[in-house]
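Below are a few exercises, each with a worked solution.

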Amino acid sequence: MLSILRREAAAGCSDAVLLRERLRRSCAAATARLRGYATAAKEMTVREALNTALDEEMSADPRVFLMGEEISKGLLQKFGPERVVDTPITEAGFTGIGVGAAYYGLRPVVEFMTFNFAMQAIDHIINSAAKMNYMSAGNISVPIVFRGPNGAAAGVGAQHSQCYAAWYGSCPGLKVLAPYSSEDARGLLKAAIRDPDPVVFLENELIYGERFPVSAEALDSSFCLPIGKAKIEREGKDVTITAFSKMVGLSLEAAEILAKEGISAEVINLLSIRPLDRPTINASVRKTSRLVTVEEGFPQHGVGAEIGMSIIEDSFGYLDAPIERITGADVPMPYAANLERMALPQIEDIVRAAKRVCHRSVPMAATA
């Protein structure tokens, strides 16, 4: 890694404008795909999708290297210890090294065992990475990806279960992505690695082993998804449901239940927390006139709160019912399995909220 850094520093780094143009060209064709991907060619787990994306980007660009905890399977054997650096549990140290390498033109992918541990490196992520392009008047780009599991796992307690989407989503200078399916993970990770700015890539440990259909198009090494574009996973006309990461799956299951009761739900997979695809969300709400936001993070200052305010600002006159937010409970995550379930959004919570905004059930206030 250090020898690559020396070579890149000596040769000079690619101009940021050229990097942005490369990203724009490689992702431009993907915009039209977001309403539904091409016919599935095979199935792939989310873990496999992430691993193949890393493999292909490292093969295509010698500046890409991995550093952190629990480095992805098989890549050390293929690329060697100079480009795959398995570190001790020293988040502040290896994150700072990664940011410094990005200053010099390399493209690090920093892997955390969990984003809860990234709290040890928050100064490097926010002050050293997110703000540097602005503070250098555009002279220093920071092409770095911070990735790892985000949100609740299972039975790991409050210090290992927090969702950081709203935290990082509030910070100018960062791009924040949260994939759901294998195709999401593959396309967005490639886009994140190619991007000239720091990207926080929020994965979910509980869906690493889930299998999803992957199109032939997505298996091409040039495939990527545009940052800042949401995907309509299911079209509907009665209520809009927004979600990201694991909550997309719950929302789709809720939509199936609602369909049996005559409620047509449109499910939007946000994909990008920052930038947020406000046009897609507003267009959907203007069609359905109702909104339910779903996330597993805390309710106060959450992603759903931001989405709701966007609708109030831009589409208030289209609403036929109050906006409903489904979130995690406003408590540290309990350790006991039964309490953990109560603290996280469930399918039935989404169904009840959708029924309320469609005036199919008694409002919560009436039953309090």
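**Exercise 1. Find which residue stands opposite threonine 242 in E13.**

Step 1: Threonine 242 sits across from threonine 293 in E13.
Step 2: Now look at the strands themselves: E10 (residues 239–243) and E13 (residues 291–294) run parallel and are joined by 3 bridges. Strands pair here if DSSP finds at least two bridges between them, and helices (H or I, at least four residues) and strands (E, at least two) are DSSP runs, numbered from the N terminus.
Step 3: On to E14, which runs parallel to E13 and is joined to E13 by 3 bridges. There, threonine 293 stands opposite arginine 325.

A word on ground rules: this is a predicted model, where local features need pLDDT of at least 70 and side-chain atom pairs count only at pLDDT 80 or more, while totals for chains, interfaces and linings use all residues. Residues are numbered from 1 along each chain as its sequence is written, and side-chain values use heavy atoms, with hydrogens and water left out.

**Exercise 2. Work out the strand order of the open sheet, and say which strands stand at the edges.**

Step 1: The sheet has 5 strands with mixed pairing, in the order E9-E11-E10-E13-E14.
Step 2: The edges belong to E9 (231–234) and E14 (324–326); each has a single partner strand, so one side of each has no neighbour in the sheet.
Step 3: From one strand to the next, the twist averages 25°. (Axes are lines fitted to C-alpha atoms, for helices over the stretch in contact, and angles run from 0 to 180 degrees between N-to-C directions.)

**Exercise 3. Decide what covers E13, and trace how the chain gets from E13 to E14.**

Step 1: Check the side chains of E13: Leu291 and Thr293 on one side, and Val292 and Val294 on the other, are all buried, which leaves both faces covered. Buried is under 20% relative accessible area, exposed is over 50%, and partly exposed is in between (1.4 Å probe, protein chains only).
Step 2: Follow the chain from E13 through H12 to E14: this β-α-β crossover is right-handed. That label applies if, with the strands pointing away from the viewer, the path from the first strand over the helix to the second runs clockwise.
Step 3: Helix H12 (residues 303–315) lies across E10, E13 and E14, and runs at about 155° to E13.

**Exercise 4. Is glycine 304 buried or exposed, and which residues does glycine 304 touch?**

Step 1: Glycine 304 is part of helix H12.
Step 2: Its relative accessibility is 2%, so glycine 304 counts as buried.
Step 3: Leaving out residues up to four places away in sequence, glycine 304 touches Thr293, Glu295 and Arg325. Contact means heavy atoms within 4.5 Å.
Step 4: Valine 292 is 12 residues from glycine 304 in sequence and 8.5 Å away in space, C-alpha to C-alpha.

**Exercise 5. Where do the buried residues of H5 fall, seen down the axis?**

Step 1: Helix H5 (residues 91–103) has 13 residues. From first C-alpha to last, H5 reaches 18 Å, close to the 18 Å expected at 1.5 Å a residue; the expected span is 1.5 Å times one less than the number of residues.
Step 2: The buried residues in H5 are Glu91, Phe94, Thr95, Gly98, Val99, Ala101 and Ala102.
Step 3: These fall within an arc of 160°, so they line one face of the helix. The arc is taken from the directions from the helix axis to the C-beta atoms.
Step 4: For background, an α-helix has 3.6 residues a turn, so residues three or four places apart point the same way.
Step 5: Just past H5, glycine 105 takes a positive phi of about 100°.

**Exercise 6. Look up the backbone at alanine 137, serine 245 and proline 275.**

Step 1: Alanine 137 has a phi near 55°, positive in a residue other than glycine. Its place is the loop between helix H7 (132–135) and strand E5 (145–149), and alanine 137 is exposed at 67% relative accessible area.
Step 2: Serine 245, not a glycine either, has a positive phi of about 55°. The loop between E10 and helix H10 (246–260) holds serine 245, which counts as buried at 8% relative accessibility.
Step 3: The peptide bond from arginine 274 to proline 275 is cis, with omega near 0°. Proline 275 is in the loop between strand E12 (272–274) and helix H11 (278–288).
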